[in-house]
Amino acid sequence: MTAPVRGIFFDVDFTLIYPGPTFQAEGYSSFCAKHRIDIDRSRFSAAVAGASAILDEEQDHVYTADIFVRYTRRVIEGMGGRGETLDACAREIYDEWAACGHFFLYEDVAPALRELAARGFTLGLISNSHRCLVSFQQHFELTGLIASAVSSAEHGYMKPHPSIFEAALAQAGVSARESLMVGDSMAHDIEGARRAGMRGVLVHRSGPPLPEVHGVPVVTNLGELLKIVQEPQPLGLLSPEALSPGADQP
Ligand SMILES: [Mg+2]
């Protein structure tokens, strides 16, 4: 029997916010120029795709800046960057990722969160970043809507480790079985939620439509969440046991 939904938890990066030009090809060009690194900015998209495997590496999910600095370094190298200043440049880009001013809120986010909070749902944030989530709520004018916010840098473990989900649930005062995790990563958000006993909703904002993935409902914007959580026996909100243990990002 599926419990009614009371708690709704959100991933942050690429679920609520997206990076501006600082973290596109032009931004990388500026960082690299400052560190006297020559790159071919036309290779940015391929370099990002090539580096993404680092974020999915098998690991113990203890938070460390190293994995993100190595990812950023790999992006630079993918654009042809070489030299002794690579690590310093990658570290600076990683540090700047924490600054809210480099990001934009997707336009559906504030209306959807206000609506869900007004209807009595308990909302939370679970983020694999070193961004201050109090500053995040202030910067994007979401203060007052969020009951619980846990970042991996503060908590110590990263998604998909169950510990970070359990910490957010405890802080919000809701149980796993009555809570949803909403995020753009099947491997980190949805699979992690499953391990913690929560259900998941995948956010798929662009690309070919996905009706559902491994029984997990898919939304293209957060305005679609209300309909999902209000269904008495939500179609597709399968129990954790029904999810494929090997589910990965589509
Ligand atoms: Mg994300």
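Two strands count as paired if DSSP finds at least two bridges between them. Helices (H or I, at least four residues) and strands (E, at least two) are DSSP runs, numbered from the N terminus. The model is predicted: local features need pLDDT of at least 70, side-chain atom pairs count only at pLDDT 80 or more, and totals for chains, interfaces and linings use all residues. Residues are numbered from 1 along each chain as its sequence is written.

Seven strands form an open sheet with mixed pairing, in the order 5-4-1-6-7-9-8. Strand 5 (148-151) and strand 8 (212-213) are the edge strands, each pairing on one side only.

| Pair | Bridges | Direction |
|---|---|---|
| Strand 1 (residues 7-10) and strand 6 (residues 179-183) | Four bridges | Parallel |
| Strand 7 (residues 199-203) and strand 9 (residues 216-219) | Two bridges | Parallel |
| Strand 8 and strand 9 | Two bridges | Antiparallel |

Gly-7 stands opposite Ser-179 in strand 6. In strand 9, Val-218 lies opposite Leu-202, and Val-216 lies opposite Val-213. Strands 8 and 9 form a hairpin with two residues between them, and His-214 in the turn has a positive phi of about 50°.

Helix 3 (residues 65-78) packs with helix 4 (residues 86-96) at an angle of about 115°, their axes 8 Å apart. Axes are lines fitted to C-alpha atoms, for helices over the stretch in contact, and angles run from 0 to 180 degrees between N-to-C directions.
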